[in-house]
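Hi everyone, and thanks for coming. Today I'd like to walk you through one structure, a piece at a time. Have a look at it first, and then we'll start with a single residue.

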Amino acid sequence: MNIIVCIKQVPGTNKVEVDPVTGVLKREKVDSKMNPYDLYALETALRLKEAHGGVVKVISMGPPQAKEVLKEAFSMGADDGVLISDRAFGGSDVLSTSYTLSQGIKKLDGFDLILCGKQTTDGDTAQVGPELSEFLKIPSVSNVTKLIEVTNENITVEMDMQNTVEIAKINFPCLLCVDKDIFQPRLPSYLKKMATKNKEIRVLSLNDFEDKNTDNYGLNGSPTQVQRIFPPESNGDHELWAGDGKSVTTKLYDKIKELKFV
Amino acid sequence: MAYKTFDETDFKNIMAIINDSARVLYKDKINAEYSHDELGGTHSVPDIVVKALCTDEVSKVMEYAYKSNIPVTPRGSGTGLVGACVPIEKGITLDLSLMNKFLELDEDNLTVTVEPGVLLMDLAKYVEEHDFFYPPDPGEKTATIGGNISTNAGGMRAVKYGVTRDYVRALEVVLPSGHVVNLGGKVVKNSSGYAMKDLMVGSEGTLGVITKATLKLLPLPKKTISLLIPFSTFDKAIETVPLIIKSKAIPTAVEFMQREVIMDAEDYLGSNFPDNQSDAYLLLKFDGNSKEEIEDDYEKVAKICLEQGAKDILISDTEERDEAIWKTRGAFLEAIKSSTSDMDEVDVVVPRNKVNEMVTFSHTLKDTVGTRIKSFGHAGDGNLHIYVLKDNLTDDDWSKKLHDAMNEMYGKAKSLGGSVSGEHGIGYAKKEYLKNSLDPAVIEIMRGIKAAFDPKNILNPRKIF
């Protein structure tokens with residue numbers, strides 16, 4: 001099976017501060033890491049490869065330093081890595097990002113399956129995966145929590161929707177966005193890290209693409225723009241109950257039920 | 001010595017001191033939890049529980065108890081494992097968990113001053129928010145700092161940073177008479193008489209009641225990386241530990257763990273450990289100011305481990321990865337506890353180059369004694385936690401086998417130059433073993449110290465010796 005996994009480099013901590021004046025994320029001095037949701041996509045790919053054979057290729061779009069996350073994917077077991085990088089791609093919104101990724105993927109040697117994390121921890125839109133599948137004209141399923149069956153022609157998965165759990169059978173080639181906890185991601189291996197230290201990473205830029213029109217990329221190709229980023233107001237909502245053990249327990253149960261925890 | 005039986009008059013007098021009925025539990029208002037600690041092997045219900053809010057209340061209750069000859073047992077979160085907070089002679093249990101205020105963060109002297117009921121997890125969070133670091137890191141994060149000081153708790157970073165005693169700068173202590181004294185100070189050096197503050201640390205609530213503590217802080221290391229190292233056999237894993245120590249690399253933690261305990265923790269937490277290729281692992285943690293600095297640091301250790309037959313070195317360098325590993329590690333005690341009907345523990349400490357010998361010995365003991373025995377621990381500092389499990393044994397059989405196992409293990413530890421407790425203390429449960437392991441002359445000095453502080457023996461009586 002020929003699998004492509006889309007991964008992104010994000011700030012290494014969720015404690016990134018927002019500058020209250022400019023509304024810009026203070027990224028300096030902050031370590032970066034692979035988007036945690038992408039680890040689940042990569043783990044899913046590696047397990048599929050272990051069970052069914054094939055190749056796992058990781059692809060990322062970002063500045064040159066995003067090579068770090070591709071290297072990290074090598075140390076987890078990915079076979080190959082591609083970085084899509086060009087100044088012209090800077091400032092891309094979700095649509096432009098998806099289009100750019102689709103252009104890059106078209107330059108690779110085909111695929112059976114594309115795996116994406118559910119969302120990123122710095123953008124949180126959960127839109128790039130499905131939009132990418134539209135540009136590639138392949139079917140996609142999001143919120144995948146379980147793989148049920150894999151054949152040569154198709155894959156059957158379980159998806160966790162807001163009110164239902166649905167099972168879908170989907171033909172290759174296709175795209176899946178996997179949810180957190182589909183599998184526990186493995187840790188990077190020191191031995192693999194050493195073995196792939198000098199492994200080459202192919203870089204694709206605008207010149208390599210079929211569509212070289214700069215109007216379709218970066219800020220130019222982005223119909224949406226961020227107006228303002230601001231830290232959310234902290235929410236201290238709480239209820240205080242008094243009563244004996246029995247009445248408070250009943251109340252607590254009703255509340256948990258109302259909130260759909262049970 | 002005969003104590004006064006706590007009666008209605010005493011209750012009224014205590015109420016007059018505390019003057020808040022919500023903070024005084026009497027007779028059937030006393031919850032069962034006050035009769036035992038976390039491991040629950042020792043049971044006794046106090047006559048009254050007083051939840052103190054300030055030093056003055058502690059002092060007045062102590063003074064009253066001293067005059068009236070009523071025993072007093074201080075208590076934090078009750079997360080101890082040796083029955084130290086169980087009121088063997090009944091009387092007053094002094095619950096200090098409501099004294100949980102942060103009093104001062106002194107950025108000039110790098111200290112924090114807290115009340116004894118502050119929880120370890122809240123302390124760690126508080127100082128880290130201010131870019132400081134309180135290194136002692138016992139697994140039980142809901143323990144109070146007062147409890148940690150009372151047992152001289154160690155925890156997982158002891159290899160590099162030492163134990164609680166190394167971080168206590170000053171204590172405010174209420175003596176058994178009710179008199180309040182200050183020991184130590186915000187000073188880095190101190191050669192002024194006997195080290196009273198250090199004597200108080202680890203005294204398990206037998207010499208005085210800690211009502212305030214000033215703790216030493218360090219600058220917060222900017223980055224940590226953990227290495228999870230799978231070995232093909234347990235022997236290979238544990239034999240590597242002394243070599244790591246000898247290599248002069250200084251990890252903050254060196255823990256060992258085995259598949260079956262990991263599986264217990266997976267069941268207990270309902271989550272998966274990130275690796276399952278091996279039966280035995282070492283878990284190392286390094287800290288420093290950058291990823292590169294730490295990578296240089298662990299390179300040497302990685303090499304040693306691979307030479308000793310490690311299958312790989314797995315790297316945890318993000319919060320999510322650390323959480324998956326350390327959450328499992330943190331749940332070991334509870335997980336083992338939930339896998340059996342009853343258990344008791346051995347918290348021995350041996351010289352670091354003997355740790356493999358001690359662990360191997362405890363493994364062979366399974367067969368000779370005839371119980372399940374599980375272990376994990378701070379291999380890097382020689383402190384092991386070995387658990388003897390009751391499972392389906394009858395009470396009599398269990399009690400006998402447990403006793404045999406304990407005697408064997410404490411005997412072995414002594415022969416290796418070790419001690420009865422690395423960090424959990426002696427309390428009530430391990431008295432016999434401490435007695436067997438120390439020179440009688442030393443126990444006599446301890447008795448003398450106790451009598452100097454507490455001539456009427458009312459503070460946490462019948463503990464330690």
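Let's begin with Asp124(A), which is exposed, having 10 other C-beta atoms within 10 Å.

Before going on, some housekeeping. This is a predicted model, in which local features need pLDDT of at least 70 and side-chain atom pairs count only at pLDDT 80 or more, while totals for chains, interfaces and linings use all residues. Residues are numbered from 1 along each chain as its sequence is written, and chains are lettered from A and ligands numbered from 1 in the order in which they are written.

Back to Asp124(A). Where does Asp124(A) lie? You'll find Asp124(A) in the loop between β6 (113-117) and α4 (128-136) of chain A. Those labels come from DSSP runs, numbered from the N terminus: helices are H or I with at least four residues, and strands are E with at least two. Asp124(A) has a positive phi of about 60°, although it is not a glycine. That deserves a remark because most residues other than glycine have a negative phi, and most peptide bonds are trans.

On the subject of peptide bonds, chain A has one to show you. The bond from Phe172(A) to Pro173(A) is cis, and its omega is near -10°. Pro173(A) sits in the loop between β9 (165-171) and β10 (174-178) of chain A.

Now zoom out to the whole of chain A. Its secondary structure comes to 6 helices and 11 strands. The C-alpha trace spans about 70 × 50 × 40 Å along its principal axes. Of the 262 residues in chain A, 35% count as buried. We say two residues are in contact if their C-beta atoms, placed from the backbone, lie within 7 Å. Taking contacts in chain A between residues at least 6 apart in sequence, 70% join residues at least 24 apart.

Let's move over to chain B. Which domains is chain B divided into? There are domain 1 (8-98), domain 2 (102-219), domain 3 (223-333) and domain 4 (340-440), with bounds that come from an automatic or database domain assignment. The centres of domain 2 and domain 3 of chain B, taken over C-alpha atoms, are separated by 29 Å. Where these two touch, domain 2 of chain B gives 6 residues and domain 3 of chain B gives 8 residues.

Next, please find two helices of chain B: α7 (residues 234-246) and α9 (residues 291-307). Their axes come within 10 Å and cross at roughly 150°. Axes here are lines fitted to C-alpha atoms, for helices over the stretch in contact, and angles run from 0 to 180 degrees between N-to-C directions. The crossing angle is why α7(B) is roughly antiparallel to α9(B); angles under 35 degrees count as roughly parallel, over 145 as roughly antiparallel, 65 to 115 as roughly perpendicular and the rest as oblique. Which residues make the contact? From α7(B) they are Thr240(B), Leu243(B) and Ile244(B), and from α9(B) they are Val301(B), Ile304(B) and Cys305(B). By class, that contact has 5 nonpolar, 1 polar and no charged residues. In this scheme Ala, Val, Leu, Ile, Met, Phe, Trp, Tyr, Cys and Pro count as nonpolar, Asp, Glu, Lys and Arg as charged, and the others, Gly among them, as polar.

Ser59(B) lies in helix α2 (residues 55-68) of chain B and, with 20 C-beta neighbours inside 10 Å, counts as buried. Leaving aside neighbours within four places in sequence, Ser59(B) is in contact with Val174(B), Gly178(B) and Val180(B). Arg462(B), found in the segment after α15 (440-453) of chain B, has a positive phi of about 65° although it is not a glycine.

Finally, how do the chains meet? Their contact takes 15 residues from chain B and 12 residues from chain A. On the chain B side, the largest share, 4 residues, comes from α10(B).

Definitions and conventions
A residue is buried if 20 or more other C-beta atoms lie within 10 Å of its own, exposed if 12 or fewer, and partly exposed in between; C-beta atoms are placed from the backbone.
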